[in-house]
Amino acid sequence: MPVTIHDLAAWKARGERFIMLTAYDALTARVLDEAGVPLLLVGDSLGNNVLGYDSTVPVTMEESLVFTAAVARGAKNAIIVGDLPFGSFQASAGDAMRNAARLVKAGANAVKLEGGRRSVKAVRKISAAGVPVMGHLGLTPQSFNSFGGFRVQGRGERGDVLLADALALQDAGCFAIVLEAIPAELGERITEALEIATIGIGAGPHCDAQVMVITDLLGLTPDPMPRFVKRYADLRGTIAEAAQLFAKDVAEGHYPAPEHQYH
Ligand code: KIV
């Protein structure tokens, strides 16, 4: 059964924890979808993890559209969340709406955008048009130039600012909010204050859900990793070993064997 945004509200009400994972391609999306992952985020982290950029800032709408469409083709039941990249929603609510519509036409069921009160007009416009919007607060990677790097956000009195931002996003119509790299106590405070689900990444154990970048989860991303990453596999090792075994087989004449040949 396809997951809907109303399921998230029910899970929060029942205290059922859930997950979101990033996905960038159809094959991985299919595996995750069949494994029952309810939310697939085509994050602009595709810039670092697929395209080899230094940050998410260079990611374009055209790139987001290609990867969103691929993930949507691979998944049947998960909610596909398309990320609005840097520059695609900040100039005006009209821009935000046009670009959200392009992601939906490519296959997204919802869109995500970064920022608190400064993004409220965009959230209102998009959600009023019937497109579910996920917010993103805390360490929002598109703003790393103004943060002066990747630093924990919302410590001390800055926590009140983030809480006010979260309430403003909820009021504007967001159905969920990603909280990234904030103190665990603040993650708990915001989660308790909101009716909508919080999805944490480095925001402590009290969020309603947790999100992880798929290449981090699978051990593909090289060190150094942020503190919140837990690797559940070692794909770097697995891929390197498979490539070396293939080279050895070829060098020793074991591949192709008779069963791999056409006659
Ligand atoms: O782009 C992304 O992968 C994200 C997650 C870290 C939430 O925004």
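In the predicted model, P224 is found in the loop between α10 (residues 214-217) and α11 (residues 235-251), where helices (H or I, at least four residues) and strands (E, at least two) are DSSP runs numbered from the N terminus. The peptide bond that joins D223 to P224 is cis, with an omega of about 0°. A cis peptide bond also links Y255 to P256, with omega near 0°, and P256 lies in the segment after α11. Residues are numbered from 1 along each chain as its sequence is written. Because this is a predicted model, local features need pLDDT of at least 70 and side-chain atom pairs count only at pLDDT 80 or more, while totals for chains, interfaces and linings use all residues, and side-chain values use heavy atoms, with hydrogens and water left out.

Helix α8 comprises 15 residues (158-172), which at 1.5 Å a residue should span 21 Å, and its end C-alpha atoms are 21 Å apart, in agreement with that value; the expected span is 1.5 Å times one less than the number of residues. The buried residues of α8 (buried meaning under 20% relative accessible area, with a 1.4 Å probe and protein chains only) are G159, L162, L163, D165, A166, A168, L169, Q170 and A172. An α-helix has 3.6 residues a turn, so residues three or four places apart point the same way. The elements that cover the buried residues of α8 include α6 (120-128), β5 (133-138), β6 (176-180) and α9 (184-193). After α8 comes G173, whose phi is positive, near 120°.

A181, in the loop between β6 and α9, has a positive phi of about 50° although it is not a glycine. A181 counts as buried because its relative accessibility is 7%.

How values were computed. Buried means under 20% relative accessible area, exposed over 50%, partly exposed in between (1.4 Å probe, protein chains only). Contact means heavy atoms within 4.5 Å.
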